Amino acid sequence: MTTLGRHRKAVVATAAVLGGVLALGACSASGGGDDAKNANAEAHGKKSSEARIKIASKDGSEGASINNGGDVSVSKGKLTNVRLTAVEGGTSVTGTMSGDGKSWKPQQQLERATQYKITAKAKDSAGRKAVENSMFTTVSPDNSFVGTYAGEDGQTVGVGMPVSINFDKSITNKKAVQSAIKVNSTSGQKAVGHWFNDTRLDFRPQEYWKPGSKVTLDLRLDGVKGAAGMTGVQNKKVTYNIGRSQVSTVDVNSHQMTVVRDGQKLKTIPISAGSADNPTYNGKMVIAEKHKETRMDGDTVGFGRKGEEGYDIKDVPHAMRLSTSGTFIHGNYWGAPFGSGNTSHGCVGLKDTRGAHDNSTDGAWFFSNSLVGDIVEVKGSPDKTVQPDNGLNGWNMSWAEWTAGSAV
């Protein structure tokens, strides 16, 4: 349920999450096994296989990697067959053999907190066979952490889009975790991380991203110790395409919003901002979500649904989130003094029609011409500046303040 008003609490970003875990030291399932095989071969006058199979997870190990815990390699020979199955249920895991037969790995991540059995077979150059076995258990959710990132892989975003990561567990070893995350841009801009708290880490450059550049987030958290008994479970690379530059400035006193794209004024739109009792935050706010229609319910933010301050609007058109607490810029069909007064509960309203079908309205125009990651800057409001962690709004910190929050 989406709501209106600057006090609303909601998740800012969606995102999509992939896992990875601690990569244990790669070793043979049992060193003593080779000695036994050699002794048996010598007793029968035969030379044992020179092929040496290595399974990434040691026999009997726990906390194995879901990324590479089932990997197999061989030296002085070629793999002939690898079978990996979940002990409970016996489900087989499909894998891929390298072209030279030197390695094998699962095609997909393993499940967490699952026991697996693996049997790997190989032959040396003389055709002598070798076999290794291992039974291991992958890391549990309680002993691992993942991070969700704002935006989507391959998405085109505005120049204000930070790389924002929220972890599902508290991170105490911030230096190790931050060091395992790389953020690079084709523009050459240096992105620095800032910890807002124990679970949120954002990256941004000193100035907005350069239009047309590409930003890459490389999560290398597999095996990284985030806290006591807590290991990272991600190896993931995400790319954002930075679009054109668009910064829209809302002047609360003149009740106008000026849209500037690539340095040129594109449009001036009459608006209605927050009332004197519920003023709009000042500051630079990043569009974090876009909804063609959404519900805004006063019950969720303390205004209620009845009375002078109450509301429950099930079909708010062209709504774009600016803060976690509930500031939106959105269409308004129920009426407001656009261009001459401020009457909202803290949002920025644009003239619109019910149903979000009329593309000629100001609300529809701004919606279709905006990207997630675009900047909306509010000036002249009697309210305070929005907090940097209230949404994707770290641009309200000076560069010195921002870099002071880095752990590396």
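The following is a conversation about a predicted model, taken term by term.

Visitor: What kind of model is this, and which residues count?
Guide: The model is predicted: local features need pLDDT of at least 70, side-chain atom pairs count only at pLDDT 80 or more, and totals for chains, interfaces and linings use all residues. Residues are numbered from 1 along each chain as its sequence is written, and side-chain values use heavy atoms, with hydrogens and water left out.

Visitor: How many helices and strands does the protein chain have?
Guide: The protein chain has four helices and 28 strands. Both are DSSP runs, numbered from the N terminus: helices are H or I with at least four residues, strands are E with at least two.

Visitor: What makes F145 and F167 an edge-to-face pair?
Guide: A search of the whole structure finds six aromatic pairs. Rings of Phe, Tyr and Trp (its six-membered ring) pair if their centres lie within 6.5 Å; planes under 30 degrees apart are stacked, over 60 edge-to-face, the rest tilted. The centres of F145 and F167 are 5.8 Å apart and the planes stand at 75 degrees, so this pair is edge-to-face.

Visitor: Which parts does the pair of F145 and F167 tie together?
Guide: F145 lies in strand 9 (residues 144-145) and F167 in strand 12 (residues 163-167), so the pair ties together parts 22 residues apart in sequence. F145, F167 and W195 form one aromatic cluster.

Visitor: Why is the pair of Y208 and W395 called edge-to-face?
Guide: The ring centres of Y208 and W395 are 4.8 Å apart and the planes are at 75 degrees, so the pair is edge-to-face. Y208 sits in the loop between strand 15 (200-204) and strand 16 (214-220), and W395 in the loop between strand 28 (375-379) and helix 4 (399-404), so the pair ties together parts 187 residues apart in sequence. W395 is buried, at 7%.

Visitor: How do you know that the charged end of K290 sits over the ring of F367?
Guide: A charge sits over a ring if NZ of Lys or CZ of Arg is within 6 Å of the ring centre and within 35 degrees of the ring normal. The charged end of K290 is 4.4 Å from the centre of the F367 ring, and sits over it. K174 lies over the face of W195, at 5.5 Å from the ring centre.

Visitor: What makes strand 20 and strand 21 a pair?
Guide: Two strands pair if DSSP finds at least two bridges between them. Strand 20 (residues 246-251) and strand 21 (residues 256-261) have six, in the antiparallel sense. V247 has V260 in strand 21 as its bridge partner. Four residues lie between the strands of this hairpin, where H255 takes a positive phi near 60 degrees.

Visitor: How does strand 21 join strand 22?
Guide: Six bridges join strand 21 to strand 22 (residues 264-270), and the two run antiparallel. V259 has K267 in strand 22 as its bridge partner. This hairpin has two residues between the strands, and D262 takes a positive phi near 50 degrees.

Visitor: Which residues have the most contacts inside the largest nonpolar core?
Guide: A nonpolar core is a set of buried Ala, Val, Leu, Ile, Met, Phe, Trp, Tyr and Cys residues joined through side-chain atoms within 4.5 Å. The largest has 36 residues; F167, V177, I181, V183 and L217 have the most contacts inside it. Strand 12, strand 13 (181-185), strand 15, strand 16 and strand 19 (235-242) each supply at least two residues of this core. Apart from it lies another core, of 21 residues, among them M257, M320, I329 and L350.

Visitor: Why is N143 called partly exposed?
Guide: N143 has a relative accessible area of 39%, so it is partly exposed. N143 belongs to the loop between strand 8 (129-138) and strand 9.

Visitor: Where does M285 lie, and what does M285 touch?
Guide: M285 lies in strand 23 (residues 283-286), and is buried at 0%. Contact means heavy atoms within 4.5 Å. Not counting residues up to four places away in sequence, M285 touches several residues, including L322, D374 and V386. M285 and V386 are 101 residues apart in sequence and 7.9 Å apart in space, C-alpha to C-alpha.

Definitions and conventions. Buried means under 20% relative accessible area, exposed over 50%, partly exposed in between (1.4 Å probe, protein chains only).
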